[in-house]
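User: Please walk me through this protein one feature at a time. Keep it brisk.

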Amino acid sequence: MTLGGYASRIARIDLTRGEIDYEEPKEDDLRKYIGGRGLGVKYVFDNGPKVEPFSEENILCFMVGPLVGSDVTMSGRMAVVTKSPLTGTVTDSHQGGWSGARLRWAGFDGLIFKGRAGKPVYAHAEDGKVTLKDASNIWGKNVHDTVKAMLDEYEKEDTSVVAIGQGGEKLVRFAAVVNENDRASGRGGTGAVMGWKRLKCLVIKGNIKNKPKPVRSEEFKKAVALGNTAIVKGDVTAPRKGGLSVYGTNVLMNIVNELGALPARNAQTTQFEHADMVSGETIKETILVRDPTCHACPVACKKEVEVKEGKYKIHMESTEYESMWALGANCGCSSKEVIAYIINLANDYGVDTIELGNCLSIAMEASQLGLVKDNVEWGNPDMMIDLVHKIGRREGIGDVLAEGGWRAAKAFGNEGIANQVKGQCIAAYDPRGLQGMGIGFATSNRGACHLRGYTPASEVLGIPEKTDPLAWEGKGKLLKIFQDLHAISDSFDICKFNAFSEGINEYVAQYVAMTGVDTDTDGLMRVGERIYNLERYYNNLIGFAGKDDSLPERFLKIPGSGPASGHVCELGKMKKEYYEARGWDDGVVPENKLRELGIIS
């Protein structure tokens with residue numbers, strides 16, 4: 001293979017047979033789908049859209065892209081790609097930290113697992129070789145004990161442990177894959193697929209000598225410097241100056257609340273009266289102890305906290321905005337200490353904090369409406385903690401909630417109290433106060449998701465330009481651009497926060513210099529468009545169409561509060577504009593678009 005940046009090695013692991021084969025990824029696939037998310041989706045697509053998530057036929061891919069583990073700023077991420085047991089769609093979920101860089105330094109572009117082990121196993125990856133080993137002694141352990149056990153057994157330096165907890169083992173449909181204790185591929189239930197396959201963890205030993213080598217080294221140094229300059233001068237990303245670096249992602253709590261776009265108490269309102277009590281500013285002033293970071297990242301957005309005494313004593317990393325919202329405003333909880341405790345518990349069980357918070361708030365509203373016999377009070381700390389244990393162990397009402405918010409709401413008799421799209425619940429933005437997020441949630445290929453096309457960058461932060469959060473015009477076109485751009489960064493695989501300061505020009509410069517692929521901004525954006533359309537085509541083949549690009553009636557018929565008073569989400573108008581920009585027929589990719597993008601011949 002002539003392209004730079006790649007290890008030129010994929011491991012295919014058949015867990016049923018215990019056999020491991022190695023292959024070189026096809027150059028045509030790399031040119032068309034890059035790596036990370038894009039290449040993982042291509043492998044899942046080629047494996048067949050109609051496989052069952054919990055089956056030997058379903059594959060589970062751990063993927064990195066050509067920039068991962070390099071000097072490119074924020075180039076330390078890894079994509080986990082599979083068919084979701086939560087939504088039935090193709091899904092990819094990413095994690096930061098060091099595991100992505102170390103997988104590349106271990107000599108791989110990806111690991112692909114198929115089949116089901118006869119007994120629990122773990123995979124050890126080092127120097128271009130994967131070995132399967134018995135995991136019976138760690139099966140049943142949660143994430144933190146699993147990580148400790150593996151790091152006690154192996155040399156700690158340049159080693160990452162990527163694990164599931166009891167949530168994955170018990171097939172909680174929103175189970176996460178967690179690395180380094182707290183960095184999670186949370187969305188879509190990737191951890192449940194790992195648990196079904198009886199794959200307890202990956203132990204990845206990297207060697208920095210395997211760092212990606214650019215084809216055009218001098219040009220690459222200049223491209224990296226160009227991007228890094230943008231990061232260190234960015235209003236949002238500047239180290240120790242920008243909001244993301246000083247307060248972490250939770251810098252958004254007060255900002256979004258003031259816009260009337262913070263869903264509170266299961267989105268019954270769009271503002272939370274105690275938002276400041278759980279904000280990034282308050283955490284910095286009270287329980288913040290350290291700012292850890294990921295590979296090649298000067299921003300250090302992670303905010304490690306410590307509660308030194310009392311019932312909720314904890315030392316953990318990290319209090320992200322989405323988690324603080326999901327378990328805070330969304331559940332009516334105003335205690336930062338309690339929320340930190342529950343986030344740590346969720347990480348240990350290995351479950352997605354966003355879906356978890358939605359499940360808890362659905363149980364609370366169901367209790368409020370008299371739909372369940374269990375009395376689940378809004379914001380009650382001990383009840384919330386008890387429910388997390390029950391979900392992680394699939395006990396009592398927890399067994400219902402472990403199916404995810406949408407299925408739980410149906411079981412309670414009121415599907416409408418689940419704020420979900422395609423079976424996955426929303427993140428920390430209310431579509432009545434942020435219109436772009438409404439069309440973003442609705443058209444996301446992996447179910448409700450803020451990260452497919454992060455329109456709050458424009459609506460809240462003014463990046464690349466400020467748009468009115470309450471206006472719907474232009475949001476469909478804006479979203480398409482963001483979705484395609486993020487498909488590129490997810491395939492590189494670099495952090496999305498990079499896009500707060502860098503853009504397509506920096507991406508082209510870094511990609512071209514690393515790989516030697518001669519392209520321009522239009523050519524690279526075309527790759528992002530291809531990836532997004534391949535995902536949509538996968539979902540179309542299962543039966544998903546325009547009817548599934550929907551939102552709960554709560555967002556469409558009940559006006560918001562605060563600045564969003566009198567506003568509902570204008571989804572219908574935005575969908576029309578979005579489909580026109582995409583060239584889709586009511587949510588379906590037409591054959592001419594598939595041919596135009598080279599998805600079919």
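User: Is Phe 45 buried or exposed, and what is its relative accessible area?

Analyst: A note on the source comes before the value. This is a predicted model, where local features need pLDDT of at least 70, side-chain atom pairs count only at pLDDT 80 or more, and totals for chains, interfaces and linings use all residues. Residues are numbered from 1 along each chain as its sequence is written, and side-chain values use heavy atoms, with hydrogens and water left out. Buried means under 20% relative accessible area, exposed over 50%, and partly exposed in between, with a 1.4 Å probe and protein chains only, so Phe 45 is buried, at 17%.

User: How many aromatic pairs does a search of the whole structure find?

Analyst: Rings of Phe, Tyr and Trp (its six-membered ring) pair if their centres lie within 6.5 Å. Planes under 30 degrees apart count as stacked, over 60 as edge-to-face, and the rest as tilted. The search of the whole structure gives 15.

User: What is the relative accessible area of Tyr 538?

Analyst: Tyr 538 counts as buried. Its relative accessible area is 0%.

User: At what angle do the axes of helix α19 and helix α20 cross?

Analyst: Axes are lines fitted to C-alpha atoms, for helices over the stretch in contact, and angles run from 0 to 180 degrees between N-to-C directions. Helix α19 covers residues 475-492, and helix α20 covers residues 504-515. Their axes come within 11 Å and cross at roughly 35 degrees.

User: Which residues of α20 make the contact with α19?

Analyst: Contact means heavy atoms within 4.5 Å. On the α19 side, the residues are Leu 485, Ile 488, Ser 489 and Phe 492. On the α20 side, they are Ile 504, Tyr 507 and Tyr 511.

User: What is omega for the bond that joins Phe 492 and Asp 493?

Analyst: Asp 493 is in the loop between α19 and α20. Most peptide bonds are trans. The bond that joins Phe 492 and Asp 493 is cis, with omega about 0 degrees.

User: Where does Ser 318 lie?

Analyst: The peptide bond from Glu 317 to Ser 318 is also cis, with omega near 15 degrees. Ser 318 is in the loop between β15 (314-316) and α11 (321-327).

User: What is phi of Arg 265?

Analyst: Arg 265 is in the loop between α9 (252-258) and α10 (280-286). Arg 265 is partly exposed, at 24% relative accessible area. Most residues other than glycine have a negative phi. Phi of Arg 265 is positive, near 50 degrees.

User: Which ring does the charged end of Arg 12 sit over?

Analyst: A charge sits over a ring if NZ of Lys or CZ of Arg is within 6 Å of the ring centre and within 35 degrees of the ring normal. For Arg 12, the distance to the ring centre is 5.2 Å. The ring belongs to Tyr 43.

Note on methods:
Helices (H or I, at least four residues) and strands (E, at least two) are DSSP runs, numbered from the N terminus.
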